[in-house]
Amino acid sequence: MVLPSRVRAKWPALMFAAAAIFAGLAQPAGADENRPVVIAHRGAPAYLPEHTLAGKAMAHAFGADFIEQDVVLTKDGVPIVMHDITLDATTDVASVFAGRAREDGKFYAIDFTLEEIRRLRVMERQRDGQPAFDGRFPRGGATIFRVPTLQEELDLIKGLNASTGRRAGVYPEIKSPAFHRAEGQDISRVVLNVLAENGYSDKDDPFFLQSFDWNEVQRIRSELGFKGKLVQLIGENRWDLAPDVDFDHLKTPDGLKEIAAVADGIGPWIGHVLDDTDGNGEAEALKLAPNAQDLGLTIHAYTFRADRLPKWAASFDILLKAAVETAKLDGLFTDHADLALSYLNGHGE
């Protein structure tokens with residue numbers, strides 16, 4: 001039997017979702033509200049290439065409370081789901097569109113129309129020509145994964161919520177808004193419109209909106225009038241994540257007060273909330289988490305990976321225990337939603 005093209009296009013996501021469900025990996029609806037929420041970071045990248053519909057279907061089947069979408073725009077203004085504003089690390093763009101790189105040698109999503117993006121294949125992330133993580137989905141050979149639009153991903157999650165009876169939320173990130181505006185596109189306005197059209201606009205709706213750009217977070221709340229749950233991501237200044245944003249200041253009590261006047265939560269790096277400061281082999285809670293919680297801010301920390309642990313964590317369970325019992329986090333961004341849920345549902349308070 002030959003499947004229609006529209007079915008073949010969706011087959012990877014359907015196939016992996018079915019495999020996860022029939023393997024007994026899906027979690028029942030109504031997870032324990034007393035445990036931290038589990039946010040599927042880029043889907044299920046420990047098992048499938050990041051930000052693919054197949055990976056998002058697997059994350060849903062695992063029982064993730066929220067599923068993350070990093071969003072960038074195409075040349076024709078369509079929001080697509082991809083972590084980087086460049087296409088190099090996770091697609092075959094260099095072979096499909098040789099000669100289309102900018103002067104810095106990189107291929108930017110905003111230089112390609114959606115029709116052109118549709119021609120690309122998504123592969124496991126690479127860094128300096130090597131897999132970014134050992135032992136994950138093989139990068140070589142023919143691949144079946146494509147770049148999804150934000151609308152396609154919202155449709156997938158909405159459909160899985162209906163067919164499974166679960167209510168997985170979404171967790172979009174506005175990527176590099178200053179870059180997009182310099183290119184003549186207002187990514188925040190575009191994304192907010194798509195979210196609102198799909199029923200994501202108020203604080204009662206199952207979603208969070210996030211960005212590293214503090215200037216844009218303030219603009220989203222004030223100028224754009226956003227009413228939903230808003231999270232200020234926190235990085236390190238040396239990572240060069242957002243122009244004119246001083247993350248060192250945002251981590252101070254005064255900086256957190258400024259955030260609390262605008263946003264509902266923060267998304268700090270693990271190293272901002274936990275560290276083995278006394279060298280005894282066990283992590284201690286740093287001041288950021290309690291300072292933020294005293295201001296009523298929710299804390300969703302990133303990124304919990306079983307295959308890339310902090311030096312002080314001898315195992316993923318030790319890392320999760322520190323997150324729950326020591327730092328008392330409200331949520332975890334993780335590449336391993338299945339392992340996190342298994343631990344939290346069995347050991348959470």
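**Buried charges and a right-handed crossover**

Let me begin with one side chain: Arg136 is buried, with a relative accessible area of 10%. Buried here stands for under 20% relative accessible area, exposed for over 50%, and partly exposed for anything in between, with a 1.4 Å probe and protein chains only.

Before I go on, please keep in mind that this is a predicted model, in which local features need pLDDT of at least 70 and side-chain atom pairs count only at pLDDT 80 or more, while totals for chains, interfaces and linings use all residues. Residues are numbered from 1 along each chain as its sequence is written, and side-chain values use heavy atoms, with hydrogens and water left out.

First, the overall picture. The protein chain holds 14 helices and 13 strands, taken as DSSP runs (H or I over at least four residues for helices, E over at least two for strands) and numbered from the N terminus. Of its 349 residues, 53% are buried. Taking contact to mean heavy atoms within 4.5 Å, 69% of the contacts between residues at least 6 apart in sequence join residues at least 24 apart. The accessible surface is about 15400 Å², with 51% of that area belonging to carbon and sulfur atoms; these areas come from the Shrake-Rupley method with a 1.4 Å probe, and for residues only the protein chains shown count as cover.

Now back to Arg136 and its partner. A salt bridge is a side-chain nitrogen of Lys or Arg within 4 Å of a carboxyl oxygen of Asp or Glu, and a search of the whole structure finds 24 of them. One of these joins Asp335 to Arg136, with 3.0 Å between the closest N and O atoms. Asp335 sits in the loop between β13 (331-334) and α14 (337-347), and Arg136 in the loop between β5 (130-131) and α5 (150-164), so this pair ties together parts that are 199 residues apart in sequence. Asp335 is itself buried, at a relative accessible area of 2%.

Asp335 also forms a salt bridge with Arg305, where the closest N and O atoms are 2.8 Å apart. Because Arg305 belongs to the loop between β12 (298-304) and α13, while Asp335 belongs to the loop between β13 and α14, this second pair ties together parts that are 30 residues apart in sequence. Arg305 is buried as well, with a relative accessible area of 15%. Elsewhere, salt bridges that share partners join Arg181, Asp186, Arg189, Glu216, Arg219 and Glu223 into one network.

For a pair with other surroundings, look at Lys251 and Asp248, whose salt bridge has its closest N and O atoms 3.7 Å apart. Lys251 is partly exposed at 23% relative accessible area, and Asp248 is partly exposed at 42%.

Glu124 lies in the loop between α4 (114-117) and β4 (126-127), and is buried at a relative accessible area of 5%.

Which residues of strand β7 (residues 208-211) are buried on its two faces? Phe208 and Gln210 are buried on one side, and Leu209 and Ser211 on the other, so that both faces are covered. Strand β7 pairs with β8 in the parallel sense over 4 bridges, where pairing requires that DSSP finds at least two bridges between the strands. Ser211 has Gln232 as its bridge partner in β8. Between these strands the chain passes through helix α8 (residues 214-221), and this β-α-β crossover is right-handed: with the strands pointing away from the viewer, the path from the first strand over the helix to the second runs clockwise. Glu173, in strand β6 (residues 169-174), touches several residues including Gln210, Ser211 and Leu233, and Glu173 is buried at 5% relative accessible area.

Finally, the surface: Trp239, Leu241 and Trp269 make a nonpolar patch of about 250 Å². Patches are made of residues with over 30% relative accessible area and no salt bridge, with like charges joined within 9 Å and nonpolar side chains (Val, Leu, Ile, Met, Phe, Trp, Tyr) within 5 Å. Trp239, in the loop between β8 (229-234) and α9 (247-250), counts as partly exposed at 31% relative accessibility.

Technical notes:
Lists of a residue's contacts leave out its neighbours within four places in sequence.
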